[in-house]
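Please look at the sequence and the structure before reading on.

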2 protein chains.
Amino acid sequence: MAGKIDLRRLPPLKALRGFEAATRHQSIRDAAEELCLTHPAVSHQVQLIEEALGVPLFVQQGRHIVSTEEGRVLYPYVRSAFESLLEGVEAAQRNALDKPLRVQTYITASIRWLAKRVPQFLAEHPEVKLTLSTSGTDWEFDDKHADVGLVYCETPPDPAKFHWVPLFDYALFPVCSPSFQQEHGGAVDARGLMDLPLVAIYTEQQNWEGWFRSAGVAYDPHVPYILVDTCAVAIEMAVAGQGVALINGPFVDKELADGRLVTPVEHREVCPGGWGLVCRKDLKDNVRVRTFIDWVAGHAAAMG
Amino acid sequence: MAGKIDLRRLPPLKALRGFEAATRHQSIRDAAEELCLTHPAVSHQVQLIEEALGVPLFVQQGRHIVSTEEGRVLYPYVRSAFESLLEGVEAAQRNALDKPLRVQTYITASIRWLAKRVPQFLAEHPEVKLTLSTSGTDWEFDDKHADVGLVYCETPPDPAKFHWVPLFDYALFPVCSPSFQQEHGGAVDARGLMDLPLVAIYTEQQNWEGWFRSAGVAYDPHVPYILVDTCAVAIEMAVAGQGVALINGPFVDKELADGRLVTPVEHREVCPGGWGLVCRKDLKDNVRVRTFIDWVAGHAAAMG
DNA sequence: CTGACCGGTAAATTTTTCTTATCTGTAGAT
DNA sequence: ATCTACAGATAAGAAAAATTTACCGGTCAG
């Protein structure tokens, strides 16, 4: 980190691009076109540098311009400065890319949605490494230990600090195995469901209550619950024919499609908020973060 | 002059100075001070680059900032880009300096004022070479063949095309040698002067007429003239005691000071315009031109 | 000689940059 | 603990810069 420097005598940096292009084309208009500017803009940029250096860089010859000797002397230095900058940008971005992206998820979202798709992501983006940290207990996105979170939020997080990309809405619906359904007398209504063994999650026992209420059924606090600790386990219980689980999101799409699970009652309780990706606002343009978010959001939109 | 390039992905060049200084100081405020800016300006510049690269370059640690790994990776590239630019500027300026500066003068101004001072200028500015082109006939500054002119103008040249630095005003006064004065009866008035042999310049015979008029003396067109072709010769004639010459500017200061010339009549005819330096407007900031103009103007002010 | 082409210039507008004022969080002192 | 001084971030407005639009003048090819 070398010391002292005399940055004062640097030429107007922005205008250097005009000089570079004008020198390369030996034409103001062509340079302007390349830079998506009008020709007076480039003309002005060149004049700025000529003034700053106190040296003419072009002379008009007929209706064209031609670099002066000084212009030709200066050009390679400018060129190599630009190349150095481009190299630097690439090096910094490569460096950033080399670090694994830390992704925080809830255990259910991880097991039943993200984990399945991660291999494809890694195959499509071999330059990005991932670290998944799944937790069944932490509901809050922890920006100290993760770059991106796939989380559920009732209300979108503070937009002043966080970038939020919604993925799926949050609607609760009951599922059970087809054999379980037959054993308990085929089709039932919401009221009938209350007599069956219901699988609930420790931390979200109130979900059933809300669902019954939204289905227009008076809630009986003495409903026979089977308590498990995560939604992923509740799903396994339902598949195994142990009871009716209350699910949200796209986490049982596959089981519903291939018939391992059915919805004994069609009613869905639409809840506020939804699942989405979250990251610190200042990271939203980070190459790794952007790559990951765009990819996941694309797949969520495509496959629900 | 290598071809193609992808300038699009260059970072915002102007903001790079902020990044450079902030990295070097590891402090936004110190960087701002060095760049003569306020700290929000530098803060913003850094953010601009971080956004452009999609990579954080600093993290806040306590109440200070510290470069991230990416910032440390990027820095040397930026640094070397700046150094390349500074080298380029120097190389171009050195190149420009190597060419001789073409100075156009009238013969009198050259012989009696400029030529004497040129050696000192060359000694003080060994990097600047001069080509003097003196002419007794060309009155118009010829910007095709000269970079700077030391010329007389009745009215300042068009400021849209030329840069003009006035040096001395133009006031006509008569001079002769002391012996000549004594031979012709000592002190005289303007009227008496008309009877003496007057030295006039071919191309400016009307000068005497104007001088007499401004002195309040009726002009007699039959005054005995000795005609010479340049003012420099007229001066020599006067020194040699051949007659009275009509002089302007500082061109006989030395002879008046050491007594080789005297002013037989004190009246001076102040004429419009004056002597000055002229150059094309677009050259006024050229290093060689500026050096020369500043030096000459300084000496003209100091020594009249 | 005419018309298309090229670059320069001026004025106005848009964009960028910078400053002023305020806020948040940290570290050191009381 | 609480207060103060300090370092940065942020927002809004002001200042400065870059850019565009419209136009001019010179040059060259037909």
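Reading the model step by step

A compact globule of 304 residues would have a radius of gyration near 19 Å, whereas chain A has 31 Å, the radius being taken over C-alpha atoms and the globule rule being 2.2 Å times the number of residues to the power 0.38. This is a predicted model, in which local features need pLDDT of at least 70 and side-chain atom pairs count only at pLDDT 80 or more, while totals for chains, interfaces and linings use all residues. Residues are numbered from 1 along each chain as its sequence is written, chains are lettered from A and ligands numbered from 1 in the order in which they are written, and side-chain values use heavy atoms, with hydrogens and water left out.

Q: What box do the C-alpha atoms of chain A fill along the principal axes?
A: The C-alpha atoms of chain A fill a box of roughly 95 × 45 × 35 Å, taken along the principal axes.

Q: Into which domains is chain A divided?
A: Domain bounds come from an automatic or database domain assignment. In chain A these are domain 1 (12-97), domain 2 (100-160 + 280-303) and domain 3 (170-273), and the C-alpha centres of domain 1 of chain A and domain 2 of chain A lie 42 Å apart.

Q: How many helices and strands are there in chain A?
A: Helices (H or I, at least four residues) and strands (E, at least two) are DSSP runs, numbered from the N terminus. Read in this way, chain A has 11 helices and 10 strands.

Q: What share of the residues of chain A count as buried?
A: Buried means under 20% relative accessible area, exposed means over 50%, and partly exposed lies in between, with a 1.4 Å probe and protein chains only. Of the 304 residues of chain A, 49% count as buried.

Q: Is A:Val148 buried or exposed?
A: A:Val148, which is found in strand β5 (residues 148-153) of chain A, is buried because its relative accessible area is 0%.

Q: Which residues does A:Val148 touch, not counting residues up to four places away in sequence?
A: Contact means heavy atoms within 4.5 Å. On that basis, the residues that A:Val148 touches include A:Leu101, A:Val103, A:Phe141, A:Leu277, A:Val289 and A:Phe292. As for A:Leu198, which is 50 residues from A:Val148 along the chain, the C-alpha atoms of the two are separated by 34 Å.

Q: What percentage of contacts in chain A between residues at least 6 apart in sequence join residues at least 24 apart?
A: Among those contacts in chain A, 75% join residues at least 24 apart.

Q: Which residues of helix α8 of chain A are buried?
A: In helix α8 (residues 206-214) of chain A, A:Asn207, A:Trp208, A:Gly210, A:Trp211 and A:Phe212 are buried. The buried residues of α8(A) pack against several elements of chain A, among them β6 (162-175), α7 (190-193), β7 (198-201) and β10 (269-280). After α8(A) comes A:Gly216, whose phi is positive, near 80°.

Q: Where is A:Gln26 found, and what is its phi?
A: A:Gln26 is found in the loop between α1 (13-25) and α2 (28-34) of chain A, and its phi is near 50°, a positive value in a residue other than glycine. With a relative accessible area of 23%, A:Gln26 is partly exposed. In chain B, phi of B:Gln26 is near 50°, and B:Gln26 lies in the loop between α1 (16-25) and α2 (28-34) of chain B.

Q: Where are A:Gly298 and A:His299, and how does the accessibility of each count?
A: A:Gly298 is in helix α11 (residues 287-303) of chain A, and A:His299 is also placed in helix α11 of chain A. A:Gly298 counts as partly exposed because its relative accessibility is 37%, whereas A:His299 is buried because its relative accessible area is 15%. A:Gly298 and A:Gly249 are 49 residues apart in sequence and 16 Å apart in space, C-alpha to C-alpha.

Q: How is A:Ala41 placed?
A: A:Ala41 lies in helix α3 (residues 39-53) of chain A, and at 25% relative accessibility A:Ala41 counts as partly exposed. The C-alpha atoms of A:Ala41 and A:Ser179, which are 138 residues apart along the chain, are separated by 75 Å.
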